[in-house]
Amino acid sequence: MEERYNFKDIEPKWQQYWEENKLYKVSEDKDEADKYYCLEMFPYPSGNLHMGHVRNYSIGDVVARFKTMQGKNVLHPMGWDAFGLPAENAAIKHGVHPAKWTADNIANMRRQLKSMGISYDWDREVATCYPDYYKWTQWLFLHLYHKGLAYKKYSAVNWCPSCATVLANEQVIDGACERCETTVVKKDLEQWFFKITDYADRLLQDLEKLPGWPEKVKIMQKNWIGKSTGAEIDMIVEKTGEKIPVFTTRHDTIYGVTYMVLAPEHPLVEELTRGTEYEQPVKEFVEKVRAMDVMDRTAADMEKEGIFIGAYAVNPVNNEKIPIWIANYVLMEYGTGAVMGVPAHDQRDLDFARKYNLPVRVVIQPEGEELPPGDQLEEAYAGPGIMVNSGPFTGLPNKEGQEKVADFLEEKGIGRRQVNFRLRDWLISRQRYWGAPIPIVYCDDCGTVPVPEEDLPVILPTDVKFRPTGESPLKTSEEFLKTTCPKCGKEARRETDTMDTFVCSSWYFLRYTSPKDDRQAFDRERANYWMNVDQYIGGVEHAILHLMYARFFTKVLYDSGLIDYDEPFANLLTQGMVLKDGGKMSKSKGNVVSPEEIIDRYGADTARLFILFAAPPERDLEWSDKGVEGCFRFLNRVWRLVYSYHDRVAGLEPAVQVNDAADKELWRLTNETIKKVTEDIGERFNFNTAISAIMELVNGIQSYREQAKGEGNLPLVKEVLQKMLLLLAPFAPHISEELWHNIGNTESVHRQEWPGYDPQALVRDEITIVVQVNGKVRDRIDIPADLDRNGMIEAVMKQERVQKWVAGKEIVKTVAVPKKLVNIVVK
């Protein structure tokens, strides 16, 4: 054994050993070990790992190694979310084909991951951009299409001018593209959607099945789904008799409606103003609003603006004629794109009514007081009360009135009870090249025709031109565009949009269970063995997008009888960001720390140890060069400690043979550490405190070595060193493996059983108690652990320092708290 810790030799040596011996290759073991599926969210192959990756994958590796040592059959795979816009931008900017750019990046990031010593089963590696993967993404699209869950419609969509592509609602953050932060505008295009709204209620209800998810993530999903219970009421256009459905949660205020508002994008707006004096000013207003940020339009502090369109509707409950307006705060994608204005009982409506001089009518009076008339009302009343000015419902408590009004609407056929969701259908069309082609062809005779499954995959062509025009580059490939109709055999053209990359990542966890299967997307028997994922790890930024879509896909496949579970991830850990100088690492801020440089300078074990020790995983972590150096020094101390014993213990059998008080204390500390580390990893994911406990154990072994008579109890020392290395192994796998072999072991440390602890060994002979005088701490003393209250007081009163504090004073009383403190009250 070398005296110096040389990680540059040790780490590649053991990485090669693990790979050659296929240490992390797993298969289905249905007879013996319980399975455990540990998964980190797979990365986009941008070219280089960043510290966020290091944190994510180090957390997952600790869990996977720990569970393996606990006897679980652990699946721990890795792959690449490899389609996406950056590859295409690189093609435009540098003239490098996206396939080559992506493949080169994958190769580099795979090398970097292997240098970290992560315990992946690399035989299961997948990349979403390869035909053997996206063939099955296309198959899943067809599966949804045949179930009526994929459809195409013409609609106003979110458009990023910079990326020249459509964005899903979830990809628009504060009115800007989540990738490039360019302001998003609206554009009318025909697009493909997945009907996720059919699953809205289940996606909401089944959050209750996920006790292992952070509450904040479940709340984010609940808010995004946005369930509202109320009624849909059919307002009638006065001129045409056409119905305009309006959803409201406050149908008890239906008699207070004094106007209605349509979204500027509502199809009736153009129809009702065509050829009238209102046509031009309304058109100008619509164009102005469409250019506005969606988030701004609905913000509470945004000034509400509108315009009368010259048409009226009839309230079917009282046959009252009300004006139809359009306004910037009503969105077509929420509800029905139409709202009723009840200014007396909604502050937004009141602000709008006051601005445009619209009438205000009070229809709910709070019990025990009376609101002023509508024209004098200064603030809308949204609370409970008694219905007034409400026809046959006058005098009813409004909660009871809501039910009666709903009954009335359904009886008369003018409305119905309704549950609405904020969640909209998932827009999957992208006008980009580097994505999975949508397996649809268009025939002049047969219309929209799905590609037969036996003709999959629809391969991405290579003869495309990359221009940021807003149209799909696939349109520039004649070879791709022209095809024959699967139905009639005549000339047809392919769909040129590609799928949102979130489609690829909505099922990758299933592909890992049988990644080489060329007959099906996944083998049902293997998927049912491994799924669902026991521990999923990734950033909270995916709480809405990826996690919602993965849950949707899983439920569709469950309903189709293809899998036996309807939730993909049993437990979820969302790790915090890695910060430097108080901010997120970014090239523009010049505060990026390269994992490769840290590994080259200190080794992968140091990088892993610091990233796990610096903060609990769910919290943000502040990068510290001193913290990295401290972890490096600790590993050097571990090395020197084992070096000091290795030649004397290598040939010995470890044994728990306690000869004296020093032996007993060392064995007690060892068992205490095993208990803490086991609980911190297995129950709480408190990796930082687990590492701290290992550090204390190392200090304890060092103290034992310095104080031992002669060589000390070497069989016990070997037992303790082995236990320490077993505890350290999930965090620092390379140094643990090297030292494990250096003290005489031949099998891998990572194939050993996780140590248990002896409860009897945890019992202390002595404990430390606090001594107080008049409530102030004056001393701490060690006493026999089994002393009763009187014995504690007697031991305290014998102390010289205590005698000084009570000398010449009257002791009023003495209070003893067993095993904790003695307080002497004097005057």
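User: Is Trp 325 buried or exposed?
Analyst: Trp 325 counts as buried, with a relative accessibility of 9%. Buried means under 20% relative accessible area, exposed over 50%, and partly exposed in between, using a 1.4 Å probe and protein chains only.

User: What sort of model is this, and what are the ground rules?
Analyst: The model is predicted: local features need pLDDT of at least 70, side-chain atom pairs count only at pLDDT 80 or more, and totals for chains, interfaces and linings use all residues. Residues are numbered from 1 along each chain as its sequence is written, and side-chain values use heavy atoms, with hydrogens and water left out.

User: How many aromatic pairs are there?
Analyst: The count is 46 aromatic pairs. Rings of Phe, Tyr and Trp (its six-membered ring) pair if their centres lie within 6.5 Å; planes under 30 degrees apart count as stacked, over 60 as edge-to-face and the rest as tilted.

User: Why is the pair Trp 14 and Tyr 17 edge-to-face?
Analyst: The ring centres of Trp 14 and Tyr 17 are 5.1 Å apart and the planes are at 80 degrees, so the pair is edge-to-face. Both sit in helix 1 (residues 7-20), three residues apart, which puts about one helical turn between them. Helices (H or I, at least four residues) and strands (E, at least two) are DSSP runs, numbered from the N terminus. Trp 14 is buried at 5%, while Tyr 17 is partly exposed at 26%.

User: And what about Phe 308 and Trp 325?
Analyst: Their ring centres are 6.1 Å apart with planes at 45 degrees, so that pair is tilted. Phe 308 belongs to strand 13 (residues 306-315) and Trp 325 to strand 14 (residues 320-327), so the pair ties together parts 17 residues apart in sequence. Phe 308 is buried, at 17% relative accessible area.

User: Other topic. Which residue lies over the face of Tyr 312?
Analyst: Lys 321 does, at 4.6 Å from the ring centre. For Phe 480, Arg 494 lies over the face at 5.8 Å from the ring centre. A charge sits over a ring if NZ of Lys or CZ of Arg is within 6 Å of the ring centre and within 35 degrees of the ring normal.

User: Where does Thr 498 lie?
Analyst: Thr 498 lies in strand 25 (residues 498-499) and is buried at 1% relative accessibility. A polar atom of the Thr 498 side chain lies 3.0 Å from the backbone oxygen of Arg 432.

Key: A polar contact is a pair of N or O atoms within 3.5 Å; within protein, one must be able to donate a hydrogen and the other to accept it, and residues adjacent in sequence count only if both atoms are side-chain atoms.
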